[in-house]
Amino acid sequence: MPVGPSEEQTQAAMAKRNYPVCSALIARAMGGANQVTIDSREALERCCAAHPSLLVELPFLSDLGRVEEAYDKLGSTPIHAHQTPSAIMVNPELQLLDVDYAGLPLMFTNIAHRPQPQQGFVLVYRPPASDRIEIHEAHPHDLLALKIIAEDLNYRQLAAEHGVPLGHIDDIVYQAVAKGILIRPPSRIRRPDDFSTNAINDEQFISSPVFTLQWHITQQCDLSCRHCYDRSHRQAVSLDQGIAILDDFYDFCRSQFVHGQVSFTSGNPLLHANFMELYRAAVERGFLTAILGNPTSREKLETLLSIRKPAFYQVSLEGLQEHNDYIRGQGHFERVMRFLPLLKKFGILSMVMQTLTRENSGQVLQLAELLRDKADHFNFNRLAMVGEGASLASAGIDTYVDFLRNYLTAAKHNPIMGLKDNLFNLIQLQDGSDHFYSGCTGYGCGAAFNFVSLLPDGRVDACRKFDSPLGNIFENSLLTIYTSEPARQYRKGPRGCKDCTIRPLCRGCMAVMYGMGKDVLGAPDPYCFKDRIHHR
Ligand code: SF4
Ligand code: SF4
């Protein structure tokens with residue numbers, strides 16, 4: 001066995017050479033560190049011709065040389081920002097090498113590794129916005145993703161031909177995007193340019209990678225809550241209509257370069273006769289799925305899980321037992337308390353939502369404490385005095401900032417407490433913090449931005465909690481509805497918020513404003529305390 005250089009000598013030699021792995025291997029094979037310097041494919045070929053035994057001992061040397069050539073070429077090219085593409089494209093710096101040996105990339109981290117004969121492909125590329133060069137073997141999914149994009153294949157046709165769900169094709173493409181093999185345009189769900197302020201201009205605050213369809217598939221409900229914002233009678237969506245809606249939503253998400261989330265709600269969505277079929281159809285299209293509903297049976301949860309675990313399951317409580325049951329009906333509190341451990345048992349993320357009213361605002365902290373070990377998340381949202389909710393009183397305006405501060409203090413010691421009210425961000429601003437919280441579906445009010453609500457009869461609203469019609473999905477595509485003038489107006493939010501420093505992170509709540517009889521596009525949320533001094 002030849003006595004080769006030490007590991008340190010090998011590393012030092014590798015750092016100096018253009019083809020470090022080939023150079024080090026050949027040096028080892030020849031028994032010395034600095035006998036050979038390989039700095040080009042020609043030099044490698046000359047060396048192999050002069051020492052034919054090398055190719056006997058290291059038969060993969062030629063393939064390895066091609067991989068190093070690709071690496072060297074990319075390493076000597078200046079890093080430049082890629083132009084923002086208008087469609088998904090193959091990383092222009094990617095090199096795809098067909099090789100006769102498997103395991104070549106491993107040699108870049110372990111020179112003692114020996115590749116084995118097996119035909120395949122090696123990818124050499126620099127992911128976007130990175131100075132790192134990746135070398136790895138191409139997985140069949142990588143090759144399929146490259147083929148799909150390079151040949152502009154039709155996703156639906158491909159899924160049908162291969163007998164796989166449509167979302168499977170998207171997953172393959174998304175994984176290739178995540179690796180940097182493909183480059184995807186940024187999300188088109190973006191705030192208008194005049195939205196960002198000097199203080200708040202971070203990309204995460206002004207664009208959204210996810211679009212949520214809050215889908216009310218039926219008006220049917222097993223409860224009769226006193227604050228219900230919609231008791232109107234509407235025909236439940238049919239299975240065929242539902243499939244067409246999901247297809248339209250799929251096209252919308254593809255066109256906007258976002259991941260779609262379908263939050264099934266109603267009423268109680270699980271009461272829909274075709275709920276499981278609709279849920280499965282959403283999963284098959286690659287959407288994230290969530291449920292906003294009432295407690296259900298173990299059997300229904302098992303069926304759900306056999307399709308796919310929802311991202312979360314949200315139930316509501318309106319305060320401690322007595323008050324909750326007064327609002328939601330006798331025995332409801334106990335049902336929820338029995339249901340939460342079931343969600344935990346099945347590993348489903350549980351969320352509890354409380355609608356904040358004047359009467360139950362004093363119970364929020366106690367309820368959050370009670371749920372500490374029972375639920376994964378607890379949130380409140382302010383009552384929108386709409387529908388049945390108009391008969392309840394909203395939380396006190398003058399005391400609201402103190403309520404938020406007390407909640408914030410408690411949340412520091414109770415990890416399940418979420419901070420969804422946009423006005424928490426006003427406190428952060430006033431306290432000089434640069435840490436901000438996300439609201440209903442992301443930063444700031446999401447109405448007609450990264451979220452719309454869809455009713456069983458096809459009506460689309462900017463937000464379900466107030467009358468904000470944008471159109472009907474049975475008459476127009478979601479894209480047409482989303483780009484309509486009414487949607488644009490709701491996205492802009494109240495004019496009174498226009499010059500506010502934290503506009504991208506807030507805009508109050510238009511549903512609350514609506515319930516108070518205000519012009520939702522006029523003065524800011526009456527609960528806003530921007531012009532009151534509340535610094536601590
Ligand atoms: S003015 Fe509007 S954006 Fe600014 S804090 Fe008040 S509600 Fe929020
Ligand atoms: S209007 Fe209110 S409830 Fe609706 S998305 Fe905006 S902040 Fe959320």
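**Ligand shells and confidence**

Tutor: The residues around ligand 2 are Asn422, Gly439, Cys440, Cys445, Gly446, Ala447, Cys463, Lys465, Cys509, Met510 and Ala511; a residue counts as near if its C-beta atom, placed from the backbone, lies within 6 Å. This is a predicted model, in which local features need pLDDT of at least 70, side-chain atom pairs count only at pLDDT 80 or more, and totals for chains, interfaces and linings use all residues. Residues are numbered from 1 along each chain as its sequence is written, while chains are lettered from A and ligands numbered from 1 in the order in which they are written.

Student: How many charged residues does the shell around ligand 2 have?

Tutor: Ala, Val, Leu, Ile, Met, Phe, Trp, Tyr, Cys and Pro count as nonpolar, Asp, Glu, Lys and Arg as charged, and the others, Gly among them, as polar. The shell around ligand 2 has seven nonpolar and three polar residues, and the number of charged residues is one.

Student: Which residues are the closest to ligand 1?

Tutor: The shell around ligand 1 divides into seven nonpolar, two polar and four charged residues. In total 13 residues surround ligand 1, and the closest are Cys497, Cys500, Cys506, Gly508 and Cys528.

Student: What is the mean pLDDT of the chain?

Tutor: pLDDT is the predictor's confidence in each residue, from 0 to 100. It stays under 50 over residues 1-5 and over residues 10-16. Where pLDDT is low, the predicted coordinates should not be read in detail. In the chain, 92% of residues reach 70 or more, and the mean pLDDT is 90.

Notes
Two residues are in contact if their C-beta atoms, placed from the backbone, lie within 7 Å.
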